[in-house]
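Biologist: Could you walk me through this one? Keep it simple, please.

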Amino acid sequence: MGFFIEVLLGGLMAGVLYSLVALGFVLIFKASGVFNFAQGAMVLFAALTLVRLMELLKSTFSPFLLALVLTVGVMIALAWLIERLVLRPLVNQPGISLFMATLGISYVLDGFGQAVWGSDVYMLDVGIPKRPIVLFESLVPGGVLVPSEDLVAAAIAGVLVAGLGLFFQKTRIGRALRAVADDHQAAQSVGIPLNYIWVIVWTVAGLVALVAGIVWGSKLGVQFSLGLVALKALPVLILGGFESILGAVVGGLIIGAGEKLSEVYLGPLVGGGIENWFAYVVALLFLLIRPEGLFGERHIDRV
Amino acid sequence: MFYREAGQFKTTYRADQAVFPIRQDQIFIVVWLAVGFFLVPLISSEYLLRAILIPFLILALAALGLNLLVGYCGQLSLGTGGFMAVGAYAAYNLCVRIPQLNPLIAFLLAGGVATLVGIGFGIPSLRIKGYYLAVATLAAQFFLDWVFSRVAWFTNNTPSGSISAPPVTLFRFTFDTPVRKYLLCLAFLVLFAAIAKNLVRGRIGRAWMATRDMDVAAEIIGIRPMYAKLSAFAISSFVIGVAGGLWAFVHLGSWEPLAFDVNRSFSILFMVIIGGLGSILGSILGAAFITVLPLMLNQLPEWLGVPISTAMISNLETMTFGSLIVFFLIVEPLGLARLWRIAKEKMRLWPFPY
Amino acid sequence: MTSQRRIGDVLLQLDGISLSFGGVRALDNVSFDVRSHEIRAVIGPNGAGKSSLLNVINGVYHPTQGTVTYKGTTRPQMRPHEAARQGIARTFQNIALFKGMTVLDNIMTGRTLKMQAGFLFQCVYFGKARGEELEHREKVEHIIDFLQIEHIRKTPVGRLAYGLQKRVELARALAAEPELLLLDEPMAGMNVEEKEDMCRFILDVNDEYGTTIVLIEHDMSVVMDLSDRVVVLDYGRKIGDGKPDEVRADQAVIDAYLGVQH
């Protein structure tokens, strides 16, 4: 029993990380209707930038803070560049073109990041406590070992989700973002400054990517495979719905837990490696049963 | 001036419907075929054939298949590599387990297998729109990656996971020299391009394009978008499967599952985008471009006189691909094929500017 | 102008059609009939549910209540491609042409249901498929002549002016040789000359091919001139049904248009 809970918790924690990445996707999709394939690349890029800057600045009084500020600046600049060079020229193109453009962006980011910062694995230490904590001593003899950095990650994710949810629902900018996602031209015609909005959205998504990168990088080390996480976030979005922040969280948790559990319990039966495709097959099943996801909205085409 | 159509009036619909209605185009295509089949093999070095032309031809075939689905029918697929793998492994298993079976027939049968697999993964997501097919095909890609590396039956229980293909023969004739391999691939490409062109200008192609442009309106005319998408998927998977068989047998000789990973899928998608969505010529141009680009980048250190590490070159390659994708999507979404058509238009008017 | 037409039996019958989207009632208990060979106009203020009505006839929307009886068969709902198979064609308010194709190709897609050549024939083209293509090409060219759009047949549709696009859409609908033609504001956005041309085309279609036409239109003079009978909708409900003159004089209709509360 204890083992099951451990695996489950481990999976949930991995799920939190997926959720953080998926959150970035949802933000951009919710606010601009664009499916940002480059989100994973952004996570990697942000983490790489942070790590390397920390190294460069290690002799200063607070390498982490300084590097953090600089990285935030870089992500803002990145958002601005993307808006200017890619989004603006493609403003009325069909979704598929924008999607492929983000595919291009992800390649550019990958290549650029590795060219500038190198492609080794870097350890990221931002002071998150790594000692495992023992929980559930009352339920299970000996308790369950939970890495405290996972708890911190969950806490950070929770705060982010709550904050973003409030932001979208309650603030003026949040409403404007939702209007833009619905219909670019209509939003423009009521005076919403599209370009400005987009820079904001992509910046926020970039910052979310940074947070995800910090959390994930501190756990696993910053390396190229971080970028592949983007691909895993796709099933999360199918499960949760492309436009739902809550969906990104729930979807991420389900996928994370499901992956780990199936790997541990079903893996030995088929020679392992289930983790590689479990998320996708689940997504496929969802496409059959409930394509708009758990929290998504059904699309009504007006003719 | 060289490309005048003046004086070439079509008096029958039959003449108007021809694939190459303009006389200059007709001559052009004959010349190209002659060059391809006769001149190129004579003057090309073995290296050129083996390392550049043969992969180019096979990838052009795969790009052609993908373009039918993405360009003509508007459905995004990220699983091309996986379907090529299906073709390769199916052909391999057929040849190994049925030794009397001619590999060429095996390629076609393997294409059929790829079709079935493609339909299997595609059916759930054809009922819905947008990025969902992309996710489904990505699922296929990863799942197939796993299947071919873990399930020993597919590799005929070879312990290393790396398998070698038997040579391709036709009656007594073995395609073993680079020239013969080149001609075989060229023949496949020309044949499939012709069939694709015929499909695209008829009822089926129109149904695809209608589904792509506005499936609600298509349904109202009587086209069933689901069948259109399914047929596009099926035919596309078939062509890609055959290309996979060719890639494994003719180009690689021996391979591992990694040869067909997700990067291969993206690379072929890039060929389609850069070459031109919805264009047969575009698929070929795109494949040429993407095949040649890394070679040119490899020469970059020499040209610039600056030493650049291989890692850096590979990064530059990645960045260049990404930037080109964005560039083409913004500037010329119809890709190189459209640029080619514009060039032809200019030739009609030259020396007049417009 | 309308008296010479031989109007036949009831071709289409709507009974108690109600349609809701979430909380919005688009149509509320609408019933009327359409006779063969007639031209029936559907009018009403904006948002009255006219397009929704056409969508129900066509099978694009499925009514929450009520039935559609077409050619004697009653059914609660139909898929659009079944409607097409039954001989119903339509045009849209916001042009639904295939922007990536030429005028000729667009109209040729209208003939899809008539094309039979199988897959293998399509691959080879020479032979049965080509024969069919040419046969349909002739029919399509006939329509192109009829609507006077020869000069733009190879132009990609996206490049055409609005009025011409509407004509191409009509051509595509005609290509299916429909028995029932649904036109959704065919003259919206046109100037007087274009409207006259379109009126003439519609009348010619009805005269020459005997096509039954249901048309949504805002221009009263067009409605008066063209139609045999008129249905008036307001807020999803039918408030008038009869000959144009009768309907024009009806107080409820006048109130609806003037916005009087009722």
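Modeller: One term to begin with: a residue is buried if 20 or more other C-beta atoms lie within 10 Å of its own, exposed if 12 or fewer, and partly exposed in between, with C-beta atoms placed from the backbone. This is a predicted model, where local features need pLDDT of at least 70, side-chain atom pairs count only at pLDDT 80 or more, and totals for chains, interfaces and linings use all residues. Residues are numbered from 1 along each chain as its sequence is written, while chains are lettered from A and ligands numbered from 1 in the order written.

Biologist: Okay. How many residues of strand E7 in chain C are buried?

Modeller: Five of the five residues of E7(C), 180-184, are buried, so the strand is largely enclosed by the rest of the structure. Strands here are DSSP runs of E with at least two residues, helices are runs of H or I with at least four, and both are numbered from the N terminus.

Biologist: Which way do the residues of E7(C) point?

Modeller: Leu180(C), Leu182(C) and Asp184(C) point one way. Leu181(C) and Leu183(C) point the other way. In a regular strand the side chains alternate between the two faces of the sheet.

Biologist: Which strands pair with E7(C)?

Modeller: E6(C), residues 88-90, pairs with E7(C) in the parallel sense over three bridges. E8(C), residues 212-216, pairs with E7(C) in the parallel sense too, over five bridges. To count as a pair, two strands need at least two DSSP bridges between them.

Biologist: And what does Leu181(C) stand opposite in E8(C)?

Modeller: That is Ile213(C). Leu181(C) is also the bridge partner of Ala89(C).

Biologist: New topic. What is the strand order in the open sheet of chain C?

Modeller: The order is E2-E1-E4-E5, four strands with antiparallel pairing. E2(C), 24-35, and E5(C), 73-75, are the edge strands, so called because each pairs on one side only.

Biologist: How many bridges join E4(C) and E5(C)?

Modeller: Three, in the antiparallel sense; E4(C) covers residues 65-70. Thr69(C) stands opposite Thr74(C) in E5(C).

Biologist: Zoom out. How many helices and strands does chain C have?

Modeller: Ten helices and ten strands. The radius of gyration is 19 Å, close to the 18 Å that the globule rule gives for 262 residues, so chain C is as compact as a globular protein of that length. That radius is taken over C-alpha atoms, and the rule is 2.2 Å times the number of residues to the power 0.38. The C-alpha trace spans about 65 × 40 × 35 Å along its principal axes.

Biologist: What share of chain C counts as buried?

Modeller: 45% of its 262 residues. Look at contacts between residues at least 6 apart in sequence: 67% of them join residues at least 24 apart. A contact needs C-beta atoms, placed from the backbone, within 7 Å.

Biologist: Last one. How many residues of chain A are in contact with chain B?

Modeller: 39 residues of chain A, against 32 residues of chain B. H4 (95-117), H9 (229-240) and H12 (275-289) of chain A each supply at least two residues of that side of chain A. H4(A) gives the largest share, 17 residues.

Biologist: What classes of residue are on that side of chain A?

Modeller: 27 nonpolar, ten polar and two charged. Ala, Val, Leu, Ile, Met, Phe, Trp, Tyr, Cys and Pro count as nonpolar, Asp, Glu, Lys and Arg as charged, and the others, Gly among them, as polar.

Notes. Contact = placed C-beta atoms within 7 Å.
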